[in-house]
Every structure is written in structure tokens, then in C-alpha cells.
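Hello,

Here is the structure I promised to pass on to you. Please have a look at it first, and then read my notes below.

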Amino acid sequence: MGTSPSAPDPWQRFLGPLLASDGGADAEWLSELSLGGLALASRWRQLPPLRLALAAAAKALQRHDRRLEQSLFGCQFSNPVGLAAGFDKNGVAAAIWHCFGFGFAELGTVTSLGQAGNPRPRLFRLAAEQAALNRMGFNNRGAAALRQLLEAQQLPAPGQRPAVLGVNLGKSRLTPLDRAADDYAASLELLAPLADYVVINVSSPNTPGLRELQDETLLRQLVERLRRQPACPPLLVKIAPDLEDAAIDAVARLAYDEGLAAVIATNTSLDRFGLGARLLSQTGRSLAEEAGGLSGAPLRGRALAVLRRLRASAGPDLPLIGVGGIDSAEAAWERIAAGACLVQVYTGWIYKGPELVPQILEGLLAQLDGHGLPSIAAAVGCGLPWREA
Ligand SMILES: Cc1cc2nc3c(=O)[nH]c(=O)nc-3n(C[C@H](O)[C@H](O)[C@H](O)COP(=O)(O)O)c2cc1C
């Protein structure tokens, strides 16, 4: 059920004004506040008041339809819309993401050593552009803490969860680049039994040197090392939007050779997409001068182009996950029609609120009807344009 423009949903009513400008409530503080509430709800979800509240959220936000379901790399997805990595870095709300309508959620990035990340402020709203700049630097409690938290939440076993749960792994800042594989492997060993899939994140712009691991030789060594983990979950790689075409082709080649489960495109960008002169009111400096990765609406075109390139060089068999600037059903359709089996949202979900997920799912179903397609799986890579209802 959509919300009529005259009756804004509670998210828009209460948070809309806070999210409408760059200043005011600090972006990271707002995120932490919401996550704190979600953590309590996830941990104590059996208590009657919380059970009722979560059931009400699920009723409002979930859309069940067989046409949205897919089976990919051994995981059953109830729908193609997921929460992107970086919001629930420590897995505090792992047990309840399905209540928000998501078919999957990616926890992390988690590193083998817990770390504080970069100094604050490190997350900035660009409200007029529906975008964000972040240089969080993998702030997280570490792989062992994530494992403990997931165990404390008593999640169903992988394969039996209402939403698929991926775990996104990064390199600890203190670990030198030539020891990166050991660092990822240590996290994987702890988390493999709990993850439906694992993402090798080599694309965050906020850990010095990390993106060098996208080099074909280094990435191949890393994947081969991680694959040696007994009972290794499906392995995915997440890439940056700033790769040259030749490097994108190399990832596609590697994915085929190494049997990667999927590739996720894309992380945040170092490009400023023509917004270099835009001043950040919090620091008084321009986007060109500020470090960090750009996400949200300005990233949409580039993330789509990278996905298209991947699809062209990898062919139709490699599952792709599209992320970057998806903030509407139309943007999600565009990514699926270009070859994404699944999509993820982050910045758009913050600005639009939880209603975005059912809006996307309803919009996708309407496109299937309009184009006479039987399922989302049939729409992947179909190249058909968005049709206005
Ligand atoms: C505040 C913030 C933190 C993020 N942290 C991570 C992270 O830890 N790991 C990761 O792989 N991506 C991270 N991302 C990138 C998102 O997962 C996503 O790839 C990117 O933001 C593009 O999607 P969007 O335009 O929908 O936000 C982060 C993004 C934001 C805005």
C-alpha cells in the first residue's frame, strides 16, 4: 500500500524535516539512535510489545509474491531488495530485517580486529542531492563480537531465515596489505557458520590501500586463500564504481575462473560527479577537498554503467547485485533490466524511509504485469524500459 501525498508516513513526518537539510541533527548520531532501537527490538523480539510492533511493521512493509522469489547461489530470496552493507555493521538487528520488507541484508563491513574508524565528523548529508559523503573507515566491533552478537540473537540457521543474511568482510586497518589475506581469513573462519553468503569487500575508499586488492592477481590470491576455508559459504566480491573498463572485465574473468557466487556493484565513489565545488556546511570545505566516498542519487548513473559492463563481459550466468543510487522502483527496475538479479539500498532508504521497500516491490510487480513477464528472474537482463502505469 502506497502512502498518499496528503498523509505522509511516520518516517517522513518525524524524520523528514531532519533529513531535509545538511545541518541540524548529526547524520551518524541519527543512525546510531535508530540502530539502538532496532538492536533492542532484535534482541528482545519475543517480548509481547516488541513482537506486536514488529508484526505491525511486517504487515505494513512486507510484500509476499511468488514472482519476486529467486534461488541464487544456494540461497532462497523472498524478494530482490536488500539492505546494503554499512548500516548494520555489527549485526545488531540481524534477526529483524525481514520485518522491514527486505529479502536480504548484508551485515558489516566487519574486520578481524575491532576498530574505531576515522575521527568524527565522518558522515555528511547532502540533502538537496539526496546523497551522502562518508569516510567512516570500517568502524566495527570486530569479527568475534559479530559472531557473539549473532549467537545471542538466536537466529535460525543459514538457509532457514526469513531474510538471507550476508556478511561483508574488510581488512583491519592495522594489518599491512601483504597480510590482508590472513586478516580476511581470520574473520571468515569465525563467521562462516553463521553467514548465508560472504562478501569480500575490496572497494571501500576509506581504508588506505584496500582498493589495490581489486588488482586481478592480488584478488585472485585472496579468493583462492578464502576458498580453502572448510564449509566456505558462497563468496562474493564487491567492487568500486571507479574501476576502468579493463579492470571491470578482469573482475568478470576472475569471477568465472574462481567460481565466485556473484559480484556486487558498486561501493561508494571517489568521483564527485560534478559536485566538487559543493560546500559541506559542517566543515566549510568543498566536496573536492573532503575525503570520503559519495553515495546516493549522483552515483546512480555510474553504478548502472559498471553493472552493464560487468554483465556484458561476464555473460548472463554470473549473478550480479546492483547497488548505488537506487531510491525508487524505476531505479531498481533499470538495474534489474540491465542484468542485476538483486538490488541493495542504503542512502535512498535513509532519505525515503522504510516505505521505499514496499514501493519498489510493488513497482517491480507492476512492471512484470506491464511487460507480460512471469517473474523477476525472467526480467533480469531483459533490457526492457520502465513503463509508466
Ligand atoms: C554511511 C555509509 C557507510 C557504508 N559502509 C559500508 C561498509 O562498511 N561496507 C561496504 O561494503 N559498503 C559500505 N557502504 C556502501 C553501501 O553499501 C553502498 O554500496 C553505497 O552506499 C551505494 O549505495 P547507495 O547509493 O544506495 O547508498 C556505506 C555507505 C554509507 C552511506
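What follows is a short tour, starting with confidence and moving on to the ligand and a pair of helices.

This is a predicted model, in which local features need pLDDT of at least 70 and side-chain atom pairs count only at pLDDT 80 or more, while totals for chains, interfaces and linings use all residues. Residues are numbered from 1 along each chain as its sequence is written.

The average pLDDT (the predictor's confidence in each residue, from 0 to 100) is 95 for the protein, and 98% of the residues score at least 70. Over residues 1-5, however, pLDDT stays under 50.

Around the ligand there are 27 residues, with Ala84, Gly86, Ser295, Tyr346 and Thr347 the closest; a residue counts as near if its C-beta atom, placed from the backbone, lies within 6 Å. Strand S6 (131-134), strand S11 (293-296) and helix H11 (347-352) each give two or more residues to this shell. Helices (H or I, at least four residues) and strands (E, at least two) are DSSP runs, numbered from the N terminus.

Now to the helix pair. The axes of H7 (residues 216-227) and H8 (residues 245-258) come within 10 Å and cross at roughly 25 degrees; axes are lines fitted to C-alpha atoms over the stretch in contact, and angles run from 0 to 180 degrees between N-to-C directions. H7 and H8 are therefore roughly parallel to each other, a label for angles under 35 degrees. Contact (C-beta atoms, placed from the backbone, within 7 Å) involves Glu216, Leu219, Arg220, Val223 and Glu224 of H7 with Ala250, Leu254 and Glu258 of H8.

Best wishes

Technical notes: Angles under 35 degrees count as roughly parallel, over 145 as roughly antiparallel, 65 to 115 as roughly perpendicular and the rest as oblique. Two residues are in contact if their C-beta atoms, placed from the backbone, lie within 7 Å.
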